Amino acid sequence: MEVSMTVNGRAVSADVEPRTLLVHFLRENLRLTGTHVGCETGYCGACTVHVDGKAVKSCTMLAVQAEGADVKTIESLASNGNLHPVQEGFWERHGLQCGFCTPGMIMASVALLDENNNPSEDEIRHGIEGNLCRCTGYHNIVRAVEYAGAKMRGEEPPPPDWEGGE
Amino acid sequence: MATTSVMGGSVRRREDPALIQGMGTYVDDLQPTGVLQVAFMRSPVARAKITSLDTSKAKEMPGVAAIYTHEDVAHLGPLLAQVQIGKLRPLLADGEVNHMGEAIAMVVAENRYQAQDAAEAIDVEFDVVKPIIDLKEAASDAAKVHDELDSNILHTWTYHGYWDALGLEDQTPQVDAAMERDDAVVVSLEMKNQRLIPVAIEPRSVMAEYNPGYGRFTVHSSTQVPHALGGAISKTFGMIASDVRVIAPEVGGGFGSKLNVYNDEILAAFAAKDLGRPVKWTETRREAASSTIHGRGWVGTATIVGTKDGEFLGYKLHALADMGAYSQNFTVAIPLLGLWIASGQYKMPVSWTVDCVVTNTMTTDAYRGAGRPEAIYYLERIIDAYAREIGMDPFEVRKKNFWQPDEFPALMGCGFALDSGDYASNVDKLMEKADYAGLLRMRDQARDEGRLVGVGVGSYVEVCGFGPAVLAEIGFSWSEYGLPASFNGSGLVRVNPDATVTVVIGTGPSGQGHETTWAQIVGDGLGIPVDKVRVLHGDTREHPMGIGTFGSRSVAVDGAATYEATLKVREKAAKIAAHLLEASATDIVFENGGAHVAGSPAPRVEWEAIAKAAYQAHTSPEDVESGLEAHTSFSPGNATWPFGSHIALVEVDPDTGNVELLRYVGVDDCGNEINPMIVNGQIHGGIAQGVGQAMFEDAVYDSDGNLLTGSLLDYPLPTAADLPSFELDRTVTPTDVNPMGVKGVGEAGTIGTAHTIVNAVVDALEPLGVKHVDMPLRPKRVWQAIQEARG
Amino acid sequence: MYPRKFDYVAPSSLDEAFEALGDDSKVMAGGMSLIPLMKLRLFSPALVVDIARIPGLDTLDDKGDHITIGALVRHAETAASDLIRSNAAALSTAAALTGDVQVRNRGTTCGTMAHADAVADQPAGALACGAVMIAQSASGTREIPASEFFVDSLTSALNPDEILTSIRIPKSGDGEGSAYDKLGRRGGRSDYAVAGAAAWVKRSNGSITEARVAVTGIGTKPTLAEGVAEALIGTDGSASAVEAAAERALEGVTVLEDLYGSEEYKSHLAKVYAKRAINQALASI
């Protein structure tokens, strides 16, 4: 069936089977492969995108459910070569290793900071509870979100904490 | 060669700009014109004869290009394995299935939805046989998993007998004699080190293309070992290696699960060739759970004997290790990695036996740590129990028995020597960082209030940096995949005519930041800015030789090779610079993007001029060949032996058994560090996976062989909300095994963690008299232990 | 991973939806329970009736003596609503502890009720808060008390032709309070409930005059533990009275073992969480 929506500011439409998941529509029809698939039960969050401003798991949503919706993916965050503060935070604070969970993690973090740009560590940890990372132990992801929050508040981010060794 | 001059800067990762913008390329992102998608029809039962298999109806389903069963691929033989003990996996089930999830048929269709529909339409009938799941039952040989094998015990590793050539002494009599001493304190526990599912967040994926005109394969795979896969494909299809190009683009985590060559990879290549179209398979998470390798899966009894005042007299372990149904890659060799660190950081005789047992479950192989977390878990748990038994502080007990700094290299009973270490200083630094004394006071105060607070400590040494060429004699090589028989490192460094640098390495990173670390190694060595260095990896066409990334080997072996190649390039560049400066090559130093004579900054010659000269005969010295590159192989004389100590603070809810991890502090020692930021990240992730094993994860088969934990619904992984921020520091004890003094850090965090957490929970429960709780420390199990202790 | 084929309609009115519903159809609001089951091919309706485009179902309204939660009100909205927090704290907390952020942004409170998962959080809150489920069909409207709504695992009292269009929650009066607490699968309050309990209490002149306690996670369905309420009423709500009342948490419950707990453990937890929920409810008054 025909589905139309706005993806990253651009009107798109396609003929899809009702069973087509939004994530496959984004990845295969639109070739927006930054949104990833890591599980099938809505647990890993690698597929997180924004639908009408809210973070959702695009693997647990049918493309047809997004009819008329405003969808934003990781590809929309940086503008004119300028990284979003959350992207910058992930880079500056080593918030990623293999990078596979990263787009979803970043989209979840952006949604979190859009609602509250000064979250506590506990609020950050619960805010990204729906996104699994197997590489970082989340420590530096939390630091990355703290960094981004500070930037978004116009403050100097806290310094990195990795100076180990003698 | 100097061992301390290396880098040490927390350079931001070069990998990240693409990844944080969703522009990294993973295998499933590839969608070439005409690509077909694969779905496997997999066994829903653990053990059965296949009495009928009918694909005719499924072949008529929309979009189906082909369906293959065993007959179609029998000529390709079973899946190649490096260590060929046990039964090798048929590419597709050969008349019988031996574990749930075993691939029976391969469907290739226009899209993945249609492939799945057709897989579901295949008619198969089974004559179900009672599977053998329980390790002890399997080890008893009451019934056999594979009729053609003599025993369900595929192999037995013993401390003294694992390698006849070493002529090692059996220390069992020493340990037994110690137990007979009047002052002996003997502590023994049977413990499980449960089976785990690796769960790299990127599901495995392979996309194969075959061009009959050129007679060439191009295979993209989410693998840690592209060269091994290339070798396996060329061997399987009888092709020369150069006609098989394997590319591992971005790999979304591996942790050992992508260090096997898998049947699906071979089958994708087969189908691509057969159908003349690109063929892609991406596993579902359920398939990842049932059909990608598992790790751990030991049950064993650890016994320690010591004196009443804390001197170790000997250590014994007898364990059964679950191999699963079929042997892949290293399967049976995994416990050997644990054997080498059986004695940990301690001087004492060891008697260590691990039986490798076949069962009707998924194959086990290397999962982060691979044999080492198991070995250290048993040792460090029993040391903790012993310390409680004699009423001595667990760190004091450890320090009393550590190898001392002046004893390195320290030759262990297993025939290997620990390279370097200062274990007591490492513990001292940790105790200070964590305020250990303060933690104990806090714990005691909480106990007085009736709360169950525990402080757990643990140490570890591990063995990595594979590796020494001699290990090829006992299987540590890719010889079965047709590659040279050692795990030597290699690195190719080329200064291009525009004075940028291309580095080509044979590693297979899956998030470890090699493009950054190697740029630091080479950039630092040449005095060329890191942003002018490009690091290529994961492509068999770009590099003739690659071992891949596993066993925390990359920097210590391939990094060392690259470092040596860098020095060779620098040496040659010095000759060219000397020629241009009309000076002596031995006087040339490189800094700030150019070269000059030591002690006189001017005149100087920039790298641009040196590089240009190197490629032009009329500007380079007569005795120097054109070009500016070196390719070096590095053969380490020993493995490396990182170590560290950790402390965990937990609180247990006595009413529910819920464990809260309040603090986690670690001081690790991986020798010199190239990028401390990346090192920290590796330790963080390692700790999280150790916590995962200790508290959450458990791969469970029921007695009928059904995998009960086939999705993330039932295989809980730690989330951000379950973990504290980690408090890390380091000691630095360089190794002399390689010229950079680096040891490796990929697995250290995992190896150091699980026992530390369990020790903490047992400490919390000590007032109740609890001696042990098996992992994972889910509330139900902790509560059960409390109930049993309370009678 | 990939659902079987199905037909899909997104009606723009309830009447259209009623017309579409048939023997092998399924109502979908957010889809957070339904879609994973369909992806795993554990459940494959021939027709999915997506009610998300029906106007008027997405509001959470103050109706004087009660509140209505429309069929399209998300978990996140239930959790964030001051109206719910001040009148039905047990449901508010249960909504906040449902799933994760993304799940709460899509999934609906009515949807989790209709799905009737034995390990879900909000059904316990609805039971304790005395919710009434409003089920509509072409043939009319049924008001089903929460206590009669949860029939068995994944089975509610809804007929195949009915849609749960809203939930009605009585507003809180003086001396009333409620709370929800749970143990989650990853420990703490994370993930699905290994065991959870919601309690609603009314205290007047120092003694408990009314109470409702519900347990979830431990058995075949979220269940009103009527024995607990009975034991609690008339007491002063002291620690010992609460403890004694909570002992009856298993009455009417068929306890089921799973990977997260034995029957014995889950039975124990039911009592622990009944006690905790009651104490928190009392403390909130």
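Trainee: What makes β11(C) and β12(C) a pair of strands?

Mentor: In this predicted model, strand β11 (residues 176-184) of chain C and strand β12 (residues 193-204) of chain C are joined by nine bridges, in the antiparallel sense. Two strands pair if there are at least two bridges between them, so nine bridges meet the condition. One of the links is that of Leu183(C), whose bridge partner in β12(C) is Ala195(C).

Trainee: Why is β11(C) called mostly covered?

Mentor: Buried means under 20% relative accessible area. Nine of the nine residues of β11(C) are buried. Glu176(C), Ser178(C), Tyr180(C), Lys182(C) and Gly184(C) point one way, and Gly177(C), Ala179(C), Asp181(C) and Leu183(C) point the other way. Both sets are buried. In a regular strand the side chains alternate between the two faces of the sheet.

Trainee: Why are α16(B) and α17(B) called roughly perpendicular?

Mentor: The axes of helix α16 (residues 554-581) and helix α17 (residues 607-614) of chain B cross at roughly 100° and come within 9 Å. Angles of 65 to 115 degrees count as roughly perpendicular, so the term applies to α16(B) and α17(B).

Trainee: Which residues meet there, and of what class are they?

Mentor: From α16(B), Ala573(B), Ile576(B), Ala577(B) and Leu580(B) meet Trp607(B), Ala609(B), Ile610(B), Ala613(B) and Ala614(B) of α17(B). By class, the contact has nine nonpolar, no polar and no charged residues.

Trainee: Thr640(B) lies in the loop between β25 (629-634) and β26 (643-652) of chain B. Is Thr640(B) buried or exposed, and how do you know?

Mentor: Its relative accessibility is 1%. The cut-off for buried is under 20%, so Thr640(B) counts as buried. Leaving out residues up to four places away in sequence, Thr640(B) touches several residues, including Asp419(B), Cys464(B), Ala556(B) and Val742(B).

Trainee: What makes the approach of Thr640(B) to Lys743(B) a polar contact?

Mentor: The side chain of Thr640(B) reaches the backbone oxygen of Lys743(B) at 2.6 Å. The limit for such a pair is within 3.5 Å, so the distance qualifies.

Methods: Residues are numbered from 1 along each chain as its sequence is written. Chains are lettered from A and ligands numbered from 1 in the order in which they are written. This is a predicted model: local features need pLDDT of at least 70, side-chain atom pairs count only at pLDDT 80 or more; totals for chains, interfaces and linings use all residues. Side-chain values use heavy atoms; hydrogens and water are left out. Axes are lines fitted to C-alpha atoms, for helices over the stretch in contact, and angles run from 0 to 180 degrees between N-to-C directions. Helices (H or I, at least four residues) and strands (E, at least two) are DSSP runs, numbered from the N terminus. Angles under 35 degrees count as roughly parallel, over 145 as roughly antiparallel, 65 to 115 as roughly perpendicular and the rest as oblique. Contact means heavy atoms within 4.5 Å. Ala, Val, Leu, Ile, Met, Phe, Trp, Tyr, Cys and Pro count as nonpolar, Asp, Glu, Lys and Arg as charged, and the others, Gly among them, as polar. Buried means under 20% relative accessible area, exposed over 50%, partly exposed in between (1.4 Å probe, protein chains only). A polar contact is a pair of N or O atoms within 3.5 Å; within protein, one must be able to donate a hydrogen and the other to accept it, and residues adjacent in sequence count only if both atoms are side-chain atoms.
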